[in-house]
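Subject: Structure for your review

Dear colleague,

Please find below the structure that I am handing over to you. My notes on it follow directly after.

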Amino acid sequence: MDIPLSLKTKHIQLLSDLRSSPNSRAFLVLVMKVGRTVTRHLRTSTASLKAEQVTKARTRLDSIEELHAHLIRTQFHTDPSSISPVIKAYALSSYSLHKAQHAFHQIEQPNVLVFNHMIRGFSQSDQPNEAIRMYDQMYRQGLAVPDNLSIIFALKACGRAKDVLCCKKIHGHASKLGFARYLYVSNTLIHAYSFCDELSLARNVFDGMTDKDLVSWNSLICGYSCFNRYREVLGLFDAMQEAGVKADSVTMVKVILSCSFLDEWEIGDSMAKYIEDNHVDIDVYLGNSLIDMYGRRGLLDLAQNVFDRMRKKNLVSWNTMIISYAKAKNLVMARKHFHEMPQRDVISWTSMITGYSRANRFEDAVKLFREMMVAKVKPDEITVASVLSACAHLGTVNVGAAIHDYVRHHGVKADIYVGNALIDMYCKCGVVERALEVFYEMKEKDSVSWTSLITGLAVNGSANSAIDLFSHMLSKGFHPIHGTFVGILLACTHAGLVDEGLEYFESMTKVYGLTPEMKHYGCVVDLLSRAGNLDKAYEFINAMPITPNVVVWRILLSACKLHGNVDLAEIATNKLLKLDPSNNGNYVLLSNIYSSSDRWGDAKQIRELIQVSDVPNPAGWSSIELMITDDSRDTCVVQSEKRMQGTLI
C-alpha cells in the first residue's frame, strides 16, 4: 500500500530536523534502535501481533523517553505520526501506560494508528474498560475511522471486561465497516463472546464463517472448556477431525482436560494415541494435562513416562507428579520427586503433607510441616488444614495450638476448612473450650463445623451440650450429614437417652433422607447395650438390612461381659470367630465372661483353645473409636486435594 503524501512529507521534515541538530548521527541511531515510525497499515495476523510483542520486549524504556524528550524539544510531540512509536512503546508496558495516555492527550488530531496503540495497551492492562471508552471516543466523535485492528483490540477489551453489550455493538460496527468477515476479526469475536459466557453467540459467529482456521476451532473449544461445557468440547473435536483440521497442543490440552473431568478414560486414551500418531508437540501445558489424567487413574507408569519425555517442566509438572504419587499412597516416589525438584512452592510442601496425612503417617506430616517452617515457606489454608488433621490424630495439642497462633498472626486465610480442622483438633485433644471459641469466632460455618463440635462435645462428656447444639444447628437451617448422627447417637449413649437416640436414628431416613451406614447401626447397638437392653440389641442386629461387621458383634460381646449375659456372649463369639478368627480379644472376652459367671471349666477350655490355635495377641484398641468416622478430617484433606488439583489445570 502506498504511503500517504502528507505522511511522507512529515517524515522527511522530521529527519531533516534531526540531521541538522547537534549529535544528529547519534540520535538517528537511537531512532533506528527504538523502531521506525509505522508508515504502513499492518495486516491483522497472529504473526504480526507476536512480532509487536517481541518489539515491545526489546525496546528500552529509557531510549523511548529520550526520543519523547527530543520530540517535545523539536515540537513534534503533537504530530501523531512522529509520536506514534513513543505511544506504542509506552502503551505496551503496564508501568508506562499512564505516560502513553499523557502523550496521547497532547496530540492535536489523533489518527487511527495512535488510537490503536492506546486501545491495545488498555485492552491488555487491568483497565479494559478504558480501551472501550477510547474506542467509543474515536468512533462517536469521528476523530478517526476504525480499522480492523481497532475492532480486534476493542473486542479483546470487551472480552476481558465481560461486557457483552459492548461486544455486540462493536460486532455491528465491524459488519458496517466490512470487517466482520475478516478471519481474524471473526476469531476475535468468538473469543470475546466466549469470555462473556455468550457461547451461543460465539457459536453463531463460528457457524457463519466461510473460512475457518485452527484458531477459529481453538477459540470456540477454549470457550466451551472455560465454562465447563466438556461434552461440547469433545463434540467440537470430532467435528474438527471431520473437517480435516489437525489439532495442536492448545486443542489437546482442552480435550484431555474434558476427558479427565468427564471420566471418559477410553476417549482420553484415544486422544493420547492421537497426540502420538500426529506428532503433536507435548509442551509443558499438554504434558501437565496428560500427567494429571494418568495420575487421576493411578496409571503412574504412564504419567512418569510423559514427565520424563517433557523437554521443559515447570512447578506444576513436578507438583502434579507428587500429587499423583501421594494419592496412590506411593510416598516413596512422591518424596523422591519432592527432593529432586529444582524449586518448591507451597503446593509442593502441601502435597506431601496432605499425602502423609491421608496415608495415616501423621508424624511424618507434622515433621515435614516443621521443615517447611524452617525453609521459610509460608503455608496457606490448605497446608494448615492438613497438618491440623495430623495433630488431631497424634493428640499433639501444643503443636496444633502453635499452628493456630501462626494462623492468627501471619495473615493465613482462616477459611471454613481451617476452622473445621481446628475444632476437630481441639476436640480430639480434649480441649473443648478452645474448640468452642473457634466455632463461635468463625464467620462462616457448614454442616461439618457443627458436626465436629457436636461429636467433640459428645465424646468429651458434654452429651447434653451436644444435643442442645444439634437442636441449634437445625434451627439455623443446616442440614445434618451422616457424621452428625454419629455424634448425636454417641451423645445419647453417654447420656443414657435410649428413646431419644432411637428417634434420632429413625429420623435419618424419614426426615433427612439419609441412609444409615454401619457406623450408625453400631452406635444404636452400643446405645441399647449400655442401657442393658441386650435382647433388643440382638434383635436390632438381626434386623439390620446390611450384614453386621466384627465391630458390631464386638460391641455386643463387650456389653455381655458388662451385664453377665453368657448366652448372648456365646452367640456373639461364634459370629466373631467366623468373621475374625485370628483376633485374640474375642477369646479373652468370652473367657472372662465365663469366669465372671463361675463357669471356670468353660473359661479354662477357651484359654486352652487360644494356646492350641496359636492366636496372636493384638494391640489394645477401642471398638467405639473404630465406629467414628473422622468427617472433618476427610472433608479437609479431600478438599485440599481437589483445590490443589484445581491449580494444575
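The crossing of helices α7 and α8 is left-handed. Please note that this is a predicted model.

Helix α7 covers residues 112-123 and helix α8 covers residues 128-140. The two pack with their axes 7 Å apart, at an angle of about 160 degrees. Since angles over 145 degrees count as roughly antiparallel, α7 and α8 are therefore roughly antiparallel to each other.

On the α7 side, the contact is made by Val112, Phe115, Met118, Ile119, Phe122 and Ser123. Helix α8 contributes Pro128, Glu130, Ala131, Met134, Tyr135 and Met138. Sorted by class, this contact comprises 10 nonpolar residues, 1 polar residue and 1 charged residue.

His279 lies in the loop between α16 (265-277) and α17 (284-297).

Lys376 is found in the loop between α22 (362-374) and α23 (381-394). With a relative accessible area of 76%, Lys376 is exposed.

With kind regards

Methods. Residues are numbered from 1 along each chain as its sequence is written. This is a predicted model: local features need pLDDT of at least 70, side-chain atom pairs count only at pLDDT 80 or more; totals for chains, interfaces and linings use all residues. Side-chain values use heavy atoms; hydrogens and water are left out. Axes are lines fitted to C-alpha atoms, for helices over the stretch in contact, and angles run from 0 to 180 degrees between N-to-C directions. Helices (H or I, at least four residues) and strands (E, at least two) are DSSP runs, numbered from the N terminus. Angles under 35 degrees count as roughly parallel, over 145 as roughly antiparallel, 65 to 115 as roughly perpendicular and the rest as oblique. A crossing is left-handed if the near helix is turned anticlockwise from the far one by less than a right angle, and right-handed if clockwise. Contact means heavy atoms within 4.5 Å. Ala, Val, Leu, Ile, Met, Phe, Trp, Tyr, Cys and Pro count as nonpolar, Asp, Glu, Lys and Arg as charged, and the others, Gly among them, as polar. Buried means under 20% relative accessible area, exposed over 50%, partly exposed in between (1.4 Å probe, protein chains only).
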